[in-house]
Amino acid sequence: GVIPAIAWPGPRLTSDCIVKASFGVSLLGFSPIFSGFGSVISAGRASAVDGTRLAVTVETTTVRQDDANVLPVLNFLNGTTLPVGQVMGQIAGGTAPEVYLDTVFLDDELRISKLEDGSVFVYQRA
């Protein structure tokens, strides 16, 4: 698995997650036509609700294609930053949505957090 890095000196939180994208056909198993790595970097405001919960409002998400040779047709997206908070705020009636990130484990190197929908994130300290 991939361990994203998290930086939170407060009041901003940045999450940089490396992802692998593959596209293929199912013949005898999965035969990838291409695959490559990229990053999804989300940043926003964070505030401590209590000792284990952070309230996070995502402001921006940046897409970074680490291997521009895999899908050259998508290179125009490389480095694109989307104002997610602003767009979602307009859609949701003027306010950007807030999510809660509950820390279920924390030591000097790792943080394991969970969203309200049950999604689990394992972060490596940056």
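This is a predicted model: local features need pLDDT of at least 70, side-chain atom pairs count only at pLDDT 80 or more; totals for chains, interfaces and linings use all residues.
## Arg-12 and Glu-59

Let's start with a pair of charged side chains: Arg-12 and Glu-59 form a salt bridge, and their closest N and O atoms sit 2.2 Å apart.

How exposed is Arg-12? Arg-12 has a relative accessible area of 37%, so it counts as partly exposed. Glu-59 is partly exposed too, at 22% relative accessibility.

## Arg-64 and Asp-16

Next up, the side chains of Arg-64 and Asp-16 make a salt bridge, at 3.8 Å from N to O. Arg-64 belongs to strand S4 and Asp-16 to strand S2, so this pair ties together parts that are 48 residues apart in sequence.

## Asp-102 and Arg-53

Which residue does Asp-102 pair with? Asp-102 forms a salt bridge with Arg-53, and the closest N and O atoms are 2.6 Å apart. Because Asp-102 lies in strand S6 (residues 99–106) and Arg-53 in strand S4, the pair ties together parts that are 49 residues apart in sequence. Arg-53 is partly exposed, with a relative accessible area of 23%.

## The whole set

Searching the whole structure turns up 4 salt bridges. Some share partners: Arg-12, Arg-45 and Glu-59 are joined into one network this way. Why do such pairs turn up at all? Side chains of opposite charge can pair when their charged atoms come close.

Note on methods. Residues are numbered from 1 along each chain as its sequence is written. Side-chain values use heavy atoms; hydrogens and water are left out. Buried means under 20% relative accessible area, exposed over 50%, partly exposed in between (1.4 Å probe, protein chains only). Helices (H or I, at least four residues) and strands (E, at least two) are DSSP runs, numbered from the N terminus.
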